[in-house]
Amino acid sequence: MDENESTVTPEQIKNHIMIMALSSLVTGFVGPLICWFIWKDTEPEIDTVGKPLINGLLSWTLYLILACIASGILMFILIGYLTLPLAFIAYYVVVIINVVKLIQGNKEAKMPLTFDFIK
């Protein structure tokens, strides 16, 4: 067997992408980051899918932290009690939409408003 030849089947790659995407619902960016570190060198598709996923999760986690701070400040005028749940809902809606796209096989799925932390 040639050393450049991969022993990973397309089904395994699809499963790894699914694990990486679904772990983001529970662990935020930590689970996909760990999966990406483990599989990026052996599976080029994981590297291609993982970078935008991690960049999007990092960006949206940053937005969520900023929204929590702003909501904390706005709680003095009672608006923060409405904006805090909306921030979490927006975060999970964007993450779930991206996870569904990745599971369906769209390897170019990218979350909106994403910074490129990992190039």
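**Figure 1. Overview of the chain.** The protein chain holds 4 helices and 0 strands. This is a predicted model. Read from the N terminus, the elements follow the order α-α-α-α. Along the principal axes, the C-alpha atoms fill a box of roughly 70 × 25 × 20 Å. The chain has 119 residues, and 33% of them count as buried. Among contacts with a separation of 6 or more, 64% join residues 24 or more positions apart.

**Figure 2. Helix H1 packed on helix H2.** H1 covers residues 10-27 and H2 covers residues 30-39. Their axes lie 6 Å apart, at an angle of about 150 degrees. Angles over 145 degrees count as roughly antiparallel, and H1 and H2 are therefore roughly antiparallel to each other. H1 brings His16, Ile19, Met20, Ser23, Ser24 and Thr27 to the contact. H2 answers with Val30, Gly31, Pro32, Cys35, Trp36 and Trp39. By residue class, the contact of H1 with H2 has 7 nonpolar, 5 polar and no charged residues.

**Figure 3. The largest nonpolar core.** This core has 23 residues. Met20, Leu102 and Met111 have the most contacts inside it. H1, H2, H3 and H4 each give two or more residues to the core. H3 gives the most, with 7 residues.

**Figure 4. Surroundings of Met20.** Met20 is one of the H1 residues that make the contact with H2. Met20 is also one of the residues with the most contacts inside the largest nonpolar core. Its neighbours within four places in sequence are left aside in this view. Met20 then touches Pro32, Cys35 and Trp36, which are among the H2 residues of the H1 contact. Met20 is also in contact with Ile46, Val49, Gly50 and Leu53.

**Figure 5. The salt bridge between Glu45 and Lys107.** The model has 2 salt bridges, counted from side-chain atoms. In this one, the side chains of Glu45 and Lys107 meet at 3.5 Å, N to O. The pair links distant parts of the chain, 62 residues apart. Glu45 lies in helix H3, residues 44-74. Lys107 lies in the segment after helix H4, residues 80-103. Are the two partners buried or exposed, or in between? Glu45 has a relative accessible area of 33%, so it is partly exposed. Lys107 is likewise partly exposed, with a relative accessible area of 33%.

**Figure 6. The salt bridge between Lys51 and Asp47.** Here the side chains of Lys51 and Asp47 meet at 3.6 Å, N to O. Both residues lie in helix H3. They are 4 residues apart, about one turn of the helix. Lys51 has a relative accessible area of 22%. The value for Asp47 is 22%. Buried means under 20%, so Lys51 is partly exposed.

**Figure 7. Gly56 in helix H3.** Gly56 sits in helix H3. At 0% relative accessibility, Gly56 counts as buried. Which residues does Gly56 contact, leaving aside its neighbours within four places in sequence? Met111 and Thr114 are its partners. Met111 is one of the residues with the most contacts inside the largest nonpolar core. Gly56 and Val95 are 8.5 Å apart, C-alpha to C-alpha. In sequence, Gly56 and Val95 are 39 residues apart.

**Figure 8. Ser71 in helix H3.** Ser71 also belongs to helix H3. Its relative accessible area is 2%, so Ser71 is buried. Leaving aside its neighbours within four places in sequence, Ser71 is in contact with Gly80, Thr83 and Leu84.

**Figure 9. Leu78 and its positive phi.** Leu78 is in the loop between H3 and H4. Its phi is positive, about 70 degrees, although Leu78 is not a glycine. Leu78 has a relative accessible area of 62%. Exposed means over 50%, so Leu78 is exposed.

**Figure 10. Leu113 and its positive phi.** Leu113 is found in the segment after H4. Leu113 is not a glycine, yet its phi is positive, at about 60 degrees. With a relative accessible area of 59%, Leu113 is exposed.

Definitions and conventions. Residues are numbered from 1 along each chain as its sequence is written. This is a predicted model: local features need pLDDT of at least 70, side-chain atom pairs count only at pLDDT 80 or more; totals for chains, interfaces and linings use all residues. Side-chain values use heavy atoms; hydrogens and water are left out. A salt bridge is a side-chain nitrogen of Lys or Arg within 4 Å of a carboxyl oxygen of Asp or Glu. Buried means under 20% relative accessible area, exposed over 50%, partly exposed in between (1.4 Å probe, protein chains only). Contact means heavy atoms within 4.5 Å. Axes are lines fitted to C-alpha atoms, for helices over the stretch in contact, and angles run from 0 to 180 degrees between N-to-C directions. Angles under 35 degrees count as roughly parallel, over 145 as roughly antiparallel, 65 to 115 as roughly perpendicular and the rest as oblique. Ala, Val, Leu, Ile, Met, Phe, Trp, Tyr, Cys and Pro count as nonpolar, Asp, Glu, Lys and Arg as charged, and the others, Gly among them, as polar. A nonpolar core is a set of buried Ala, Val, Leu, Ile, Met, Phe, Trp, Tyr and Cys residues joined through side-chain atoms within 4.5 Å.
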